[in-house]
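Dear colleague,

Please find the structure we spoke of below, followed by notes on what was found in it. I would be glad if you could read the notes beside the coordinates.

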Amino acid sequence: MSLGLVLGGLVAAWGFSRAAWAPAEVGNGGFETQLVSGVIGASLGLLGVPPVANMVVATYLWKTGLGQAGIVAYLCAATLAPYRWPLYARLFGSRGALRLMALILVASLSAGLGTALIFGVLDVDIRYKLLPEQLWVLGN
């Protein structure tokens, strides 16, 4: 939990600085924005943050401008933390582990985009957001 607070604090310090840019501002606020956020979120999930700490880091990623697809992709891709690779290799062999990791990476990006699309189609309003671009609104 301590690591999550420290990493969350670092993300917040960067995200609220004047030099920071919000991934949700890339693109036109629709599919492109969510795709960029999803790729960034899945990439950040590979950093190896421990499970409980992920929730704190994900909260600050959201508050600093990562889109909805990016948050879901981040949390799903966290199962690909580097400290888990030897376990996957031991369980499934090296080729099986690589296939599993590729599948999880694709699934995490798909889950992020799918979640953003469903929330956009159903017009679900999330009460806390800094930028309208963090959500996938179909009118954009």
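This is a predicted model: local features need pLDDT of at least 70, side-chain atom pairs count only at pLDDT 80 or more; totals for chains, interfaces and linings use all residues.

Residues are numbered from 1 along each chain as its sequence is written, and side-chain values use heavy atoms, with hydrogens and water left out.

Overall picture

The protein chain has five helices and zero strands, where helices (H or I, at least four residues) and strands (E, at least two) are DSSP runs numbered from the N terminus. Of the 140 residues in the protein chain, 39% are buried. The protein chain exposes about 7700 Å², of which carbon and sulfur atoms supply 71%; these areas come from the Shrake-Rupley method with a 1.4 Å probe, and for residues only the protein chains shown count as cover. Taking contact to mean heavy atoms within 4.5 Å, residues 24 or more positions apart account for 74% of the contacts in the protein chain with a separation of 6 or more.

The nonpolar cores

A nonpolar core is a set of buried Ala, Val, Leu, Ile, Met, Phe, Trp, Tyr and Cys residues joined through side-chain atoms within 4.5 Å. The largest one has 10 residues, namely Val11, Val49, Ala53, Val57, Ala58, Leu61, Trp62, Leu66, Ile71 and Tyr74. Two or more of its residues come from each of helix H3 (51-63) and helix H4 (68-77), and H3 provides the largest share, five residues. A second, separate core of five residues includes Tyr88, Ala97, Met101 and Ile104.

Ala58, in helix H3, counts as buried because its relative accessibility is 4%. Leaving aside neighbours within four places in sequence, Ala58 is in contact with Ile71, Tyr74 and Leu75, and its C-alpha atom is 8.9 Å from that of Val72, 14 residues apart in sequence. Asn54, also found in helix H3, is buried because its relative accessibility is 6%; with neighbours within four places in sequence again left aside, Asn54 is in contact with Val49, Tyr74, Leu75 and Ala78.

Helices H2 and H5

The axes of helix H2 (residues 31-45) and helix H5 (residues 85-121) come within 9 Å and cross at roughly 140°, the axes being lines fitted to C-alpha atoms, for helices over the stretch in contact, with angles from 0 to 180 degrees between N-to-C directions. In this contact Phe31, Gln34, Leu35, Gly38, Val39 and Ala42 of H2 meet Leu105, Ser108, Leu109, Leu113 and Ala116 of H5. Val39, in helix H2, is partly exposed because its relative accessible area is 41%, and the C-alpha atoms of Val39 and Gly112, 73 residues apart along the chain, are separated by 9.3 Å.

Trp85 lies in helix H5 and counts as partly exposed because its relative accessibility is 40%. Not counting residues up to four places away in sequence, Trp85 touches Leu80 and Met101; the C-alpha atoms of Trp85 and Met101, 16 residues apart along the chain, are separated by 8.6 Å.

With kind regards

Definitions and conventions:
Buried means under 20% relative accessible area, exposed over 50%, partly exposed in between (1.4 Å probe, protein chains only).
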